[in-house]
Amino acid sequence: NALDRKTLWELHRFVNACLKKKPTKKAAQHTTASRMLGAQQAKAQTEQRIAQLQQSLQASHGAASSGGGGGISLARQDTDDFGGNDFGSESDVDALSDSD
């Protein structure tokens, strides 16, 4: 009874705050279960998307190999954006080496 009114209220708030911080096991299990479910759903969606992309890729390869076109050409082109060679001519190389 020697504590003043202000100290008693501070102690009361502290005790109430400590009591509120303890989560229940049921709530923790619910959180874990919902996280697991979310991870499983994300995995299933990812696997489904991969299957769709693989089917699409196989279909495009089938169309390209049957002469239907539509595929992407992977042939190397030795031209720059301006229609010239990516690499300079011999005179360009000589000019660069002379500038040193």
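These are my notebook entries on a predicted protein model.

**Ground rules.** I number residues from 1 along each chain as its sequence is written, and my side-chain values use heavy atoms, with hydrogens and water left out. Because the model is predicted, local features need pLDDT of at least 70 and side-chain atom pairs count only at pLDDT 80 or more, while totals for chains, interfaces and linings use all residues.

**Overall layout.** I looked up the elements and found three helices and zero strands, running α-α-α from the N terminus on. Helices (H or I, at least four residues) and strands (E, at least two) are DSSP runs, numbered from the N terminus.

**Confidence.** I checked pLDDT, the predictor's confidence in each residue, from 0 to 100. The protein averages 74, and 53% of the residues score at least 70. Helix α1 has the highest mean, 90, and helix α3 (residues 90–98) the lowest, 53.

**Surface.** I noted an accessible surface of about 9700 Å², with 56% belonging to carbon and sulfur atoms. Such areas come from the Shrake-Rupley method with a 1.4 Å probe; for residues, only the protein chains shown count as cover.

**Burial.** How many of the 100 residues count as buried? I found 0%. Buried means under 20% relative accessible area, exposed over 50%, and partly exposed in between (1.4 Å probe, protein chains only).

**Two residues.** I found Val15 in helix α1 (residues 5–20); Val15 counts as partly exposed because its relative accessibility is 40%. Ser60 sits in helix α2 (residues 25–65) and, at 30% relative accessibility, also counts as partly exposed. I saw the side chain of Ser60 reach the backbone oxygen of Leu57 at 2.8 Å.

Terms used: Polar contact = N/O pair within 3.5 Å; in protein donor to acceptor, adjacent residues only side chain to side chain.
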